[in-house]
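Please open the structure in a viewer and keep the selection tool at hand. The tour moves from the whole chain to single residues.

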Amino acid sequence: MKIYNTLTRQKEEFKTIEPGKVTMYACGPTVYNFIHIGNARPICLFDCLRNYFEFRGYEVKFVQNFTDVDDKIINKANEEGVDASVISERYIKEYETDARGMNVRPATIHPKVTQSMDMIIDIVKHLVDNGYAYEVNGDVYFSTTKFADYGKLSHMPLEDLEAGARIEASDIKQHPMDFAVWKAAKPGEPYWESPWGKGRPGWHIECSAMATNYLGKTIDLHCGGQDLIFPHHENEIAQSECATGVPFANYWMHNGYINVDNRKMSKSLGNFFTVREVANKYGYEPIRFMMLQAHYRSPINYNTEVIEQCRAALDRMYKFKENLDFALTKAQDDEFTEEQKNAILARKEQFIRVMDDDFNTADGISAIFELIRDVNPLISGDSLASKQHLLFAKEIFDQLTGVLGLLYESKKEDEVPAEVMALVEQRAAARKAKDFALADSLRDQINEMGYLIEETRQGTKLTKK
């Protein structure tokens, strides 16, 4: 398996620290509002990556944090006249609703910043004691000049980063690029006691503390959006490696941006969409599909046409699954050859090959549609394939769509109501008696009850609308 490592800017063979086990960390949401479709991309992608690691036999420990104390949370709390925890808990619940809707599994651990203060203060104290950070009036700053490799993730030396950062000169900081790891408390803000007085952590230090505490000093894989490379992930590396003396993460994966109608998404442009807004109109599953139908490092352009195309693609997958399930009810236990088995296995091997090549979910979806194309003639022709042949096709299809986390919303109920089945049986009797007027009337009644009935080469087929 090869992964494009942002740190080295090349595809590398993925080798874990401990054979058969993956430790991965992804930066979670700052919980002050509903997540938007830009947030949804890393959430869906790295959930799918975790699925794929497990599919390939790895045991995965996945940590994704909640930033539940932050300027935006505090500002919203002050606007509403409530405690900051009221805001953060509200939007953690809303996040969980959206995550479930997109079939995102809970991480192994979801640490919260407010529950991680001891570990955060410990790492800041270590940085101060060893000369990598300094205190000024209750604020603590990381000294970027003390870390020789600063800029190695964004591939820019410190002086270039300084020139491009447009940071105002400050008499407080020793260097313009120094950043806060601890902030002195301001009136009306939540705070915690520390060796430097009352305060709260800086943004970057939170992830360093939680990642190393739950996963170890060096982790296999750190994930996040491209927008986090600098300064967030760059600063995570600097403070973590100064605190531990060892590499922080061996591999870094970053997903590309999402634009809306070919423009950067922003509230000022009026093209800002939350996941909830899109899901209310199109459902959650097309959102997940959209995040996977392009390579993760490529930009995605969101618009009505794209989400409709994703919904249509899912419909084709669901239709195939439905037809395959129906065909299985009519199939006979005929011979199933090794050649037929290998033809289906070839699609699974194709899926693994492209997914192993830098997590190419776009080509993974293509492999599934090629499997559908291969199997469709076996379930729609005059003569069905053997039951064992179709069962094997179903097993592989379910396996691959399961890795991607798709087809989780069934379009039909598990059991057809008894009154509908009674009408189906009456219609069959009417057709046998050549009472086609009655059969048509019964068909209309079945239709009014939310079911479609049709005659196929394999027999009568009933589907929920």
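The stops below begin with an overview and then turn to one helix and to aromatic rings.

**The whole chain.** Display the complete protein chain, bearing in mind that this is a predicted model. The chain contains 15 helices and 15 strands. Along the principal axes, its C-alpha atoms fill a box of roughly 95 × 55 × 40 Å. Of the 465 residues in the chain, 50% are buried. Colouring by surface comes next: the accessible surface is about 21,800 Å², and carbon and sulfur atoms hold 47% of that area.

**Helix α7.** Select residues 229–244, which form helix α7. From first C-alpha to last, this 16-residue helix reaches 21 Å, close to the expected 22 Å. Then select Gly 245, which follows α7 and has a positive phi, near 80°.

**Aromatic rings.** The whole structure holds 17 aromatic pairs. For one of them, select Phe 55 and Phe 351: the ring centres lie 6.3 Å apart and the planes meet at 85°, so the pair is edge-to-face. Phe 55 belongs to helix α1 and Phe 351 to helix α11, and the pair links parts of the chain 296 residues apart. Phe 55 is partly exposed, with a relative accessible area of 23%, whereas Phe 351 is buried at 0%.

**Last stop.** Select Phe 14, Phe 53, Tyr 58 and Tyr 251 together; these residues form one aromatic cluster.

How values were computed
Residues numbered from 1 in each chain as written. Predicted model: local features only at pLDDT ≥ 70, side-chain atom pairs only at ≥ 80, totals over all residues. Heavy atoms only, no water. Helix = DSSP H or I, 4+ residues; strand = E, 2+ residues; numbered from the N terminus. Expected span 1.5 Å × (residues − 1). Buried < 20%, exposed > 50% of the residue type's maximum accessible area, 1.4 Å probe, protein only. Areas by Shrake-Rupley, 256 points an atom, 1.4 Å probe, with all protein chains shown as cover. Phe/Tyr/Trp six-rings, centres within 6.5 Å; stacked < 30°, edge-to-face > 60°.
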